Amino acid sequence: MLFRLLVPDPGSPRAAARDRLADVIAIVVALLYGSTMMLLGDTRQPGAAIPWQLDLTIGVAGAGALLVRRRWPLALVIALLPFGAVSVAVTGPILVALFSAAIRLRLPLLLGLGAVNVLTSGVYYLLQQHPAFDVWVDYLVRFLVTAAALGWGQFVQAYRRLTTSLREHAARLEAEQHLREEQARLAERARIAREMHDVLAHRMSLISLHAGALEVRDTLRPEELTVAAGAIRTSAHEALEELRAVVGVPRGRPEPPQPGLADIDDLVASVRAAGMVVGFDSAVPVDGPPVVLGRTAYRIVQEGLTNARKHGSEPTAAVRMEGGAGHGLRITISNPISGTPIAASSSAGLGLVGIGERVALAGGDFRYGSHDGVFRLEAELPWPA
């Protein structure tokens, strides 16, 4: 609570309320210290420099002036220091003003202000006809409290600089992480676009092949014509469905045909061959989902197993796939972890960003998290009836 008052968060909605509370605390501390010094000092002794009523009035006025210590810290200290030569009640506001100045000003200037405050104790001693204490006591007390106020203020200044630096560093790291995530999304979209390009090229070649057969053959039996027209219609429909997901087609040489649901068994086998224990349970027919859905499922399982291998505490994972036409396709991948795997490095978690981007483009839902030492990844994809 104390450090929140001394080092408020910049721009916080509650910063103004904390400032007002800090003002109240500063004024109360100043009045308590000044009143204590009045009771212990020479104010009520015969031959005091000024009447105690005037001394108290100066102390209260000095405490009220502390409200401007943030805006004019140096001017406030300079204005209060001369009163320290005649009033003991104002020493409390002077100490609080020195503390506030020490938060904002440089050390050489603060040392000069502190020295002036200590020297005024000698002037105060000379103005008293019957001092209650020797002059060295006044110097020692004034020196100790001045050093404490300046030292504490310098500590708060250093702490504020440190917290400001840490906040700026955290903001830079967050911005860099957002940039990496955006780059991962763009890379994933580019890869999806390449996959779409390859599949569309395959579909269009099939359409061209069947259309060419119809063109060169003069006579076709009705059943052959029906089969050819059906193949053209199916290929064109699938090509249009996949084209809706394409944002832009990259130029360059086409890649080999992309894997789909039927290739997940081979994927799991290759991961097992690499030394990882993978449990695989699928209640989905291999030739059931559309091509785009199968390819998306393959990439999710591939990235999920990669994530488990990189960040799991053991080379173990479990993959579960279930669903059907009209009910959607659900993929669950789980693996044991220790700690928070995504926080292992600044680049960790970008694979999950890619999965999320792919699932979002497919119109599905994606979530992940850890519980009781198990990291669980779930993706739900739409599967039209």
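Trainee: At what angle do α9 and α10 pack, and how are they oriented to each other?

Mentor: This is a predicted model, in which local features need pLDDT of at least 70 and side-chain atom pairs count only at pLDDT 80 or more, while totals for chains, interfaces and linings use all residues. Residues are numbered from 1 along each chain as its sequence is written, and side-chain values use heavy atoms, with hydrogens and water left out. The axes of α9 and α10 lie 10 Å apart and meet at an angle of about 10 degrees, where axes are lines fitted to C-alpha atoms, for helices over the stretch in contact, and angles run from 0 to 180 degrees between N-to-C directions. Angles under 35 degrees count as roughly parallel, over 145 as roughly antiparallel, 65 to 115 as roughly perpendicular and the rest as oblique, so α9 and α10 are roughly parallel.

Trainee: Which residues make that contact, and how many of them are nonpolar?

Mentor: Contact means heavy atoms within 4.5 Å. From α9 come Ile264, Leu267 and Val271, and from α10 come Ala297, Tyr298, Val301, Gln302 and Leu305. Ala, Val, Leu, Ile, Met, Phe, Trp, Tyr, Cys and Pro count as nonpolar, Asp, Glu, Lys and Arg as charged, and the others, Gly among them, as polar. On that scheme the contact of α9 with α10 has no charged residue, one polar and seven nonpolar.

Trainee: How are α5 and α6 oriented to each other?

Mentor: Helices (H or I, at least four residues) and strands (E, at least two) are DSSP runs, numbered from the N terminus. Helix α5 (residues 91-104) and helix α6 (residues 107-127) have axes 11 Å apart and pack at about 170 degrees. α5 and α6 are therefore roughly antiparallel.

Trainee: In what order do the strands stand in the sheet, and which are at the edges?

Mentor: Two strands pair if DSSP finds at least two bridges between them. The open sheet has five strands with mixed pairing, in the order β1-β2-β3-β5-β4.

Trainee: Is Thr296 buried or exposed, and which residues does Thr296 touch?

Mentor: Thr296 is in helix α10. Buried means under 20% relative accessible area, exposed over 50%, partly exposed in between (1.4 Å probe, protein chains only). With a value of 7%, Thr296 is therefore buried. Not counting residues up to four places away in sequence, Thr296 touches Arg358 and Leu381.

Trainee: What is the bridge partner of Gly324 in β3?

Mentor: Gly324 is in strand β2, and is buried because its relative accessible area is 14%. Strand β2 (residues 316-324) runs antiparallel to strand β3 (residues 328-336), and seven bridges join them. The bridge partner of Gly324 in β3 is Gly328.
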